[in-house]
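Hi,

Here is the structure I promised to pass on. Have a look, and my notes on its pockets follow below.

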Amino acid sequence: LGFTLGAPLTETIFDVHFERARGEIQGAYPAVNRSFARYIRQKYPHIRYLDREDDMGLPALRQAKLSYEPMEFARKFRI
């Protein structure tokens, strides 16, 4: 179905680096996300937040990430 990869970022934040799932299977990405979130909750009970990283300006990815009702967004800067 799919897989995801991430690592603890701080004591309370787990960074989700990427997810991959079969796009032709409706609901595959939400299923991978839900399953991974449950796994993180069990393995790291002190983790409170999942950092889903940048959407790279891709509209579909941004829409998908917004569907998870994020608590906040990190501000970006260019120098």
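I'll start with the second largest pocket: its lining has eight nonpolar, two polar and six charged residues (Ala, Val, Leu, Ile, Met, Phe, Trp, Tyr, Cys and Pro count as nonpolar, Asp, Glu, Lys and Arg as charged, and the others, Gly among them, as polar). β2 (13–21), α1 and α2 are the elements giving two or more residues to that lining, and β2 contributes the most, with five residues. Helices (H or I, at least four residues) and strands (E, at least two) are DSSP runs numbered from the N terminus.

Before going on, this is a predicted model, with local features needing pLDDT of at least 70, side-chain atom pairs counting only at pLDDT 80 or more, and totals for chains, interfaces and linings using all residues. Numbering runs from 1 along each chain as its sequence is written, and side-chain values use heavy atoms, without hydrogens and water.

Of its 16 lining residues, Glu19, Tyr29, Arg52, Leu61 and Lys65 lie nearest the centre. A pocket here is an open set of points on a 1 Å grid over the protein atoms alone, where a 1.4 Å probe fits, with protein on both sides within 12 Å along at least five of seven lines; lining residues have an atom within 4 Å of a point.

The largest pocket comes to about 950 Å³. Its lining has 26 residues, with Leu50, Asp51, Arg52, Pro70 and Glu72 nearest the centre. By class, that's 12 nonpolar, one polar and 13 charged. α1 (28–43) gives the largest share, four residues.

Cheers

Terms used. Grid points are joined across faces, edges and corners, and a volume is the space filled by probe spheres set on the points.
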